[in-house]
Amino acid sequence: MPESTASDAPRSVNDLNPFVPAPAGPKRVRTRHFSNAKQHGIPITGLTSYDMLTAQIFDQAGIDFLLVGDSAGNNVFGYETTLPVTVDELIPLTRAVARAVTRALVVADMPFGSYETGQTEALHTAVRFMKEAQAHAVKLEGGVRSHKQIKRIVTSGIPVMAHIGFTPQSEHGLGGHIIQGRGDAAEQLLEDALAVQDAGAFAVVLEMVPATVAAEVTSKLEIPTIGVGAGPDVDGQLLVWTDFAGMTEGRVPRFVRQYANVRSVLTDAVHQFKSDVETGVYPGPEHSYE
C-alpha cells in the first residue's frame, strides 16, 4: 500500500470521515468529526447565528458549527447582558438556524437559569432544544460545577459542548469581563477542562484565556478546544458573527478581527434609499407595473 502524501491529507473537518463516500450533496458535520479534527490537526471553525439567512450563508461557506448563542441577548433582543435570555426566546432562533443548514453542526446555548439547579432541570432544557428547536447539540457554561449536569445530558444521548474560562452568564460573579486562568487560576482552568471531558463533553470552549494557558490545556485534553480569545494554539475558533462582520457598534473585544464592515454598507444603502424616495428617483419606471 503506497504511503500517503501531503496532498492526501484531509483539508477540513468534513474530509475526515472515510466511511462516507462523496455524496451528491454536502456531508453533515457530526461530533465525531470534532474528535477526528483534533487528531489530524484540522482547525475547526464556528460562528454564532440567530436566523435563517446568516445560517445559510455560513453553512454554504463551510463553517463547521453554528452556535445559537445566548449572545442573542445583546445582538437580537437588545439586553445589556446575556442573563435575561430565556429558553423560550432561543428555541425559535435555534429552529430557524437548524432548518437552514445542510452541513454545519447546530449547537444551542442553554441560557442562565436553565440548568444550574440540578441534573433534572438541565436534561429537561436540553431535551427541549433537541425536540422543539431541532438542535444537534447543546452548550452550557461551567467546569467542575457543571460536571453532573453535563454527564446527565450526555448519558441521555445528547451531545454537549462545554464552556469554561470567562463565562458570560457569571460576569457579575467574576467581576466583569476579566481574563481567566492567569497565575494560580491556571490550575483551576485545567481542572475545569478535565472535569467536562470526564463528564462526556465532545468539545470545550475556552473564552478569554491567556494563549499559553490555553495551549497547555489543549495539549492535555483528548477533546478539542474551541478558542474565543484564547490564542492560536487551540483546536478551533469561534466568533460572534455581528462582531466579526462589523455589525456591532462601539468597542469590540481585543480578540475580534473584523472581516467586513457590514454596518457601514447597510448604513450607506439606507441613506441612498431614503434620498432616492425623497427625490423621486425610486421607484422608477423599471420598478413599476403597467
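Visitor: In which helix is Val 277 found?

Guide: Val 277 is found in helix α11, residues 262-279. Helices (H or I, at least four residues) and strands (E, at least two) are DSSP runs, numbered from the N terminus. The model is predicted, so local features need pLDDT of at least 70 and side-chain atom pairs pLDDT 80 or more, while totals for chains, interfaces and linings use all residues. Residues are numbered from 1 along each chain as its sequence is written, and side-chain values use heavy atoms, leaving out hydrogens and water.

Visitor: Is Glu 207 buried or exposed?

Guide: Buried means under 20% relative accessible area, exposed over 50%, and partly exposed in between (1.4 Å probe, protein chains only). Glu 207 counts as buried because its relative accessibility is 11%. Glu 207 lies in strand β6, residues 203-207.

Visitor: Which residues form a salt bridge with the closest N and O atoms 3.1 Å apart?

Guide: A salt bridge is a side-chain nitrogen of Lys or Arg within 4 Å of a carboxyl oxygen of Asp or Glu. Arg 103 and Asp 64 form the bridge in question. This pair links distant parts of the chain, 39 residues apart, and both Arg 103 and Asp 64 are buried.

Visitor: How many salt bridges does the structure hold?

Guide: The structure holds eight. Among them, Glu 216 and Lys 220 meet at 3.0 Å, N to O; both lie in helix α9, four residues apart, about one turn of the helix. Glu 216 counts as partly exposed because its relative accessible area is 40%.
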